[in-house]
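Please consult the sequence and the structure shown below while reading.

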There are 2 protein chains.
Amino acid sequence: MAVHLGNAKRVGIIDVAREAGVSTATVSFVLAGKEQVADATRERVLEVVRRLGYQRNRHARALRRGASRSLSALVPDVTNPFYAELIAAIENAASSQGWMLSLMNCQLDRAREVSYLNTVFDEVPDGIIYVPMTSDAVLEVESRFDSGPPIVIVDEITSHAGVGSVSVDNEAGARMAARHFRSLGRRRALVTGPPQGLPTSQSRSTGFIDEAAKVGLEVAHAAFGEVRTSDAGAVAADLLLRDRSIDAYFAGNDFLAIQVLFELQRAGLRVPEDIAICGFDGIAWGQMITPRLTTVRQPIHLIASTVIDLISKPVDEHHEIVLPVEFVRGQTT
Amino acid sequence: MAVHLGNAKRVGIIDVAREAGVSTATVSFVLAGKEQVADATRERVLEVVRRLGYQRNRHARALRRGASRSLSALVPDVTNPFYAELIAAIENAASSQGWMLSLMNCQLDRAREVSYLNTVFDEVPDGIIYVPMTSDAVLEVESRFDSGPPIVIVDEITSHAGVGSVSVDNEAGARMAARHFRSLGRRRALVTGPPQGLPTSQSRSTGFIDEAAKVGLEVAHAAFGEVRTSDAGAVAADLLLRDRSIDAYFAGNDFLAIQVLFELQRAGLRVPEDIAICGFDGIAWGQMITPRLTTVRQPIHLIASTVIDLISKPVDEHHEIVLPVEFVRGQTT
DNA sequence: CTGAAAGCGCTTACAG
DNA sequence: CTGAAAGCGCTTACAG
């Protein structure tokens with residue numbers, strides 16, 4: 001393991017105490033900002049702390065206090081802008097409460113997800129934020145949920161006692177998309193689930209299909225249970241190019257919608273003239289590109305603050321919270 | 001703080017030892033996979049571990065062993081796809097060596113960067129991977145670098161002893177862009193630095209300006225020292241729209257290049273006919289959009305594996321490593 | 001092959 | 001206002 005230069009040893013609280021001529025208790029009090037220390041003593045200690053460059057050892061601290069002031073988050077893929085934005089929002093909310101956020105990125109890899117799910121408890125975090133990639137993984141570790149820190153699951157509803165969940169009304173959002181396509185006079189739509197069988201995909205496609213039937217929109221359905229994100233766009237575009245009777249496309253998420261949009265453009269199709277596209281998530285990229293993406297927007301910041309609220313509460317006050325979505329008309333429909 | 005249900009207490013190694021009728025030493029040996037334990041004993045211990053759902057406390061472990069098997073990474077902004085891809089690559093390389101990656105996201109906020117830089121040492125990580133947002137922040141904590149875990153700085157060269165650095169040949173890449181524009185017959189170019197004065201911006205614009213002078217390409221220069229990413233695209237686009245004599249644009253990075261590309265399209269300009277655009281980074285998005293982005297590609301996976309290599313080495317073997325870049329012609333030039 | 005015991009670096013009652 | 005001492009949950013020489 002990496003050895004350090006000459007100055008091998010890290011300076012500890014004992015070094016500070018000795019140098020300042022006080023006990024470690026006093027150093028600790030000063031660092032904790034307790035009032036009960038004489039000003040002169042405080043000054044002296046702080047000076048030594050600064051001079052020696054002393055930093056408290058987080059592990060010793062956490063061990064002794066039984067709380068680490070840190071949260072661990074498990075996400076499917078930081079490379080997907082929706083998760084990146086969600087992480088940024090959650091980190092914001094967490095740090096305003098004095099929590100560090102430690103991140104575990106599953107990279108759309110099931111094995112990695114399970115492994116992280118197993119090791120996250122070792123971290124002894126004050127709370128766990130879990131954005132599931134697959135439903136299977138949740139089941140595998142559900143028993144672990146009984147003891148340990150509060151857990152909040154994002155984007156999937158769980159009935160496990162003591163586990164909170166924050167998700168959005170996926171079904172309602174999907175219905176909005178179906179009605180929108182119909183109001184535009186579109187006749188036949190394709191709906192695809194997000195890759196890797198993300199749990200939310202189910203209610204999105206179900207909601208869309210159901211509403212489509214009600215309003216008289218024909219639906220072709222394709223699920224990408226096992227397709228990796230990088231291929232999903234090409235596969236969906238291929239389906240659309242092959243069946244030109246389809247004039248509307250409801251993607252499982254914005255990332256996918258955007259990939260398909262450009263694939264179609266490259267193949268010479270016009271959006272929205274030849275085919276209308278609607279995404280889901282409301283990522284910033286959707287409004288950055290030309291044409292701007294029509295989508296169903298999730299309230300990312302509200303999700304983040306709700307997650308942190310829930311984490312801070314006693315576990316028996318955990319609930320399943322479902323937040324509303326908003327339809328955003330862009331230029332792709 | 002969040003209290004848990006009835007089963008308050010976390011099961012510890014003592015609980016396991018008692019239940020299995022052995023000492024904690026034996027439990028520890030079994031968990032560490034040491035051979036010196038009788039098969040029957042091992043079985044019994046493992047059964048109890050499973051039944052009780054025991055998980056080792058990482059803090060106690062790290063404290064005792066003096067190593068945490070974890071790395072901490074500080075990055076400017078996970079929302080920028082380049083950093084997202086870099087993180088994913090680094091995490092991959094790290095986990096293949098058995099390291100956890102803990103992430104601190106500065107969110108393009110200087111205050112947050114400094115604060116993270118101060119607390120990262122508390123984590124007692126086995127190594128620190130630091131992608132600086134500003135040069136100032138580095139200076140503020142340089143003294144801390146003398147003791148503590150190995151540090152690898154990404155994307156900026158540092159001369160601090162014992163600190164390794166991995167970056168790419170930004171200047172050479174910028175020169176490629178200038179020559180490319182010239183070979184296309186472009187006459188007047190705009191070059192902008194990445195927002196927030198990212199350290200790399202300096203050599204990119206310097207290299208571009210210098211080479212442009214050599215090959216006879218006129219240059220208008222604009223730096224975005226204080227502009228947040230979300231505005232930078234609009235500001236740059238505005239400059240380009242105002243001065244129509246400019247027929248080439250070298251953005252400091254792909255993220256910015258893409259934003260400007262679409263801004264220009266919305267304003268009715270044609271790319272590359274009216275204006276050619278070249279980015280820097282080689283993010284996946286650049287090849288996903290239409291038109292595909294011309295760019296200078298950084299070898300992300302090589303950067304990641306080099307970083308991990310360096311972290312694993314004794315500090316006195318740390319070096320400044322500069323990796324090559326590759327010019328990628330897309331459809332925006 | 002197994003156990004008793006020290007000690008990692010802190011914080012926090014408890015005395016004084 | 002300050003210090004001596006216990007203890008958080010592990011791992012690891014050291015004995016046996």
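A polar contact is a pair of N or O atoms within 3.5 Å; within protein, one must be able to donate a hydrogen and the other to accept it, and residues adjacent in sequence count only if both atoms are side-chain atoms. By this criterion, a polar side-chain atom of Tyr54(A) lies 3.0 Å from a sugar or linking oxygen of DNA strand C. The model is predicted, and local features need pLDDT of at least 70, side-chain atom pairs count only at pLDDT 80 or more, while totals for chains, interfaces and linings use all residues. Residues are numbered from 1 along each chain as its sequence is written, chains are lettered from A and ligands numbered from 1 in the order in which they are written, and side-chain values use heavy atoms, with hydrogens and water left out.

**Contacts with the DNA**

| Protein residue and atom | DNA atom | Distance |
|---|---|---|
| Ile13(A), backbone N or O | phosphate oxygen of DNA strand C | 2.8 Å |
| Arg64(B), backbone N or O | base oxygen of DNA strand C | 3.3 Å |
| Ile13(B), polar backbone atom | phosphate oxygen of DNA strand D | 2.8 Å |
| Arg56(B), side-chain N or O | phosphate oxygen of DNA strand D | 3.4 Å |
| Asn57(B), backbone N or O | sugar or linking oxygen of DNA strand D | 3.5 Å |

A residue is near a strand if one of its heavy atoms lies within 4 Å of it. Around DNA strand C there are 25 residues, of which Ser28(A), Arg61(A), Arg64(A), Thr41(B) and Arg64(B) come nearest.

DNA strand D has 24 residues around it, and the nearest are Thr41(A), Arg64(A), Ser28(B), Arg61(B) and Arg64(B). Sugar or phosphate supplies 67% of the atoms of DNA strand D within 4 Å of the protein, and bases supply the rest.

For residue classes, Ala, Val, Leu, Ile, Met, Phe, Trp, Tyr, Cys and Pro count as nonpolar, Asp, Glu, Lys and Arg as charged, and the others, Gly among them, as polar. The surface near DNA strand C comprises 10 nonpolar, 10 polar and 5 charged residues. Near DNA strand D there are 10 nonpolar, 9 polar and 5 charged residues.

**Relation of the chains**

Chain A is superposed on chain B by a rotation of 180 degrees with 0.1 Å of shift along its axis, at an RMSD of 0.1 Å (least squares on the C-alpha atoms of residues with pLDDT of at least 70 in both copies). This is the relation of a two-fold axis. Because 100% of the interface residues of chain A are also interface residues in chain B, the copies meet through the same surface (contact means heavy atoms within 4.5 Å).
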